[in-house]
Amino acid sequence: MPELPEVETVRRGLQPHMEGHVMARVEVNRPDLRWPFPPNMRDRLQGKTVTALRRRSKYILVDLDSAETLIIHLGMSGRMQIDEAPTAQFHHEPPVAQKHDHVVFHLQDGTRIAFNDARRFGVMDLTPTIEVENHWLLNKLGPEPLGNSFNAPYLVEALKKKASPIKTALLDQRVVSGLGNIYVCEVLFRTGISPKRKASNLSAARVASLVPAIRDVLEEAIESGGSSLRDHRQTNGELGYFQHNFTVYDREGAPCRNECGTNIFRVVQSGRSSFYCPKCQR
């Protein structure tokens, strides 16, 4: 499942092509993805101008001049594929429709943007822009980890009564939004905290150390275009490269990069694999 860096990478790729542009024609090629599309979605999108392209947690928010917002979740295999408008200098073959292009946005300048989702775990919904934060997909989300409201005092308070392991607590989208399994593993390694430690037993200083580590890991991943595991690609079709920088994730049995003489372990927590160094992380 794409995490915050992958979704932010997609948003940044889409922004110059969609923001300020008119969706002249919209194709809706099936009635649903994970859930049915909202009523009259094609007509509610067609002819509208995109006024802003935002991200909330793992969701892309497309604000329209109709005062509605299109909410997009990529699911497990969803991709936004951009085919740019042809130029006068070069001849371009028209893009070929793909089997899993379920929704296609044809912009007024000739750019074609397809939402392609082989597994159909993606989501699209429309809601009034003024009420988007109250939408049921978003209204229980915690603060953005790259935003000002996510800080040490907040996180200390949020975790002090959490009886769950710190790994599980950080994956709770009500505590902090957008974090997923990959980046929590990496953050805990950087801070020397075992994923098995009970969240409420961590000192305030150790909890505070998580905040800059979370920001650093996410920003580095965004700059690398995310992590290309399984299905994720950027809007231009390229792979992300942060997986080459993993220190613990998916490295079970490999030597710790701190050269401590210990191999990386894997344990299963809440149905997800946690990778860590038992010597460096306490």
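Reader: How many bridges join strand 6 to strand 7?

Author: This is a predicted model, in which local features need pLDDT of at least 70 and side-chain atom pairs count only at pLDDT 80 or more, while totals for chains, interfaces and linings use all residues. Residues are numbered from 1 along each chain as its sequence is written, and side-chain values use heavy atoms, with hydrogens and water left out. Strands (E, at least two residues) and helices (H or I, at least four) are DSSP runs numbered from the N terminus, and two strands pair if DSSP finds at least two bridges between them. Strand 6 (residues 101-107) and strand 7 (residues 112-116) run antiparallel, and the number of bridges joining them is 5.

Reader: Which residue in strand 7 is the bridge partner of H106?

Author: The strand that holds the partner is strand 7, which runs antiparallel to strand 6. For H106, the bridge partner there is R112.

Reader: In what order do the 4 strands of the open sheet lie?

Author: The pairing in this open sheet is antiparallel. Its edge strands, each pairing on one side only, are strand 1 (23-28) and strand 5 (79-83). With the 4 strands taken across the sheet, the order is 1-6-7-5.

Reader: What angle does the direction of helix 1 make with that of strand 5?

Author: Helix 1 packs on the sheet, where it touches strand 1, strand 5, strand 6 and strand 7, a contact being heavy atoms within 4.5 Å. Axes are lines fitted to C-alpha atoms, for helices over the stretch in contact, and angles run from 0 to 180 degrees between N-to-C directions. On that scale, the angle between helix 1 and strand 5 is about 35 degrees.

Reader: Why is helix 5 largely enclosed by the rest of the structure?

Author: A residue is buried under 20% relative accessible area, exposed over 50% and partly exposed in between (1.4 Å probe, protein chains only). The cover over the buried residues of helix 5 includes helix 1 (4-18), helix 4 (166-171), helix 6 (204-223) and strand 10 (272-276). Helix 5 (residues 181-191) is largely enclosed because, of its 11 residues, the number buried is 10.

Reader: How far apart in space are S164 and K198?

Author: S164 has its place in the loop between helix 3 (152-159) and helix 4, and it is partly exposed at 22% relative accessibility. Not counting residues up to four places away in sequence, S164 touches A169, R197, K198 and A199. Although S164 and K198 are 34 residues apart in sequence, their C-alpha to C-alpha distance is 5.7 Å.
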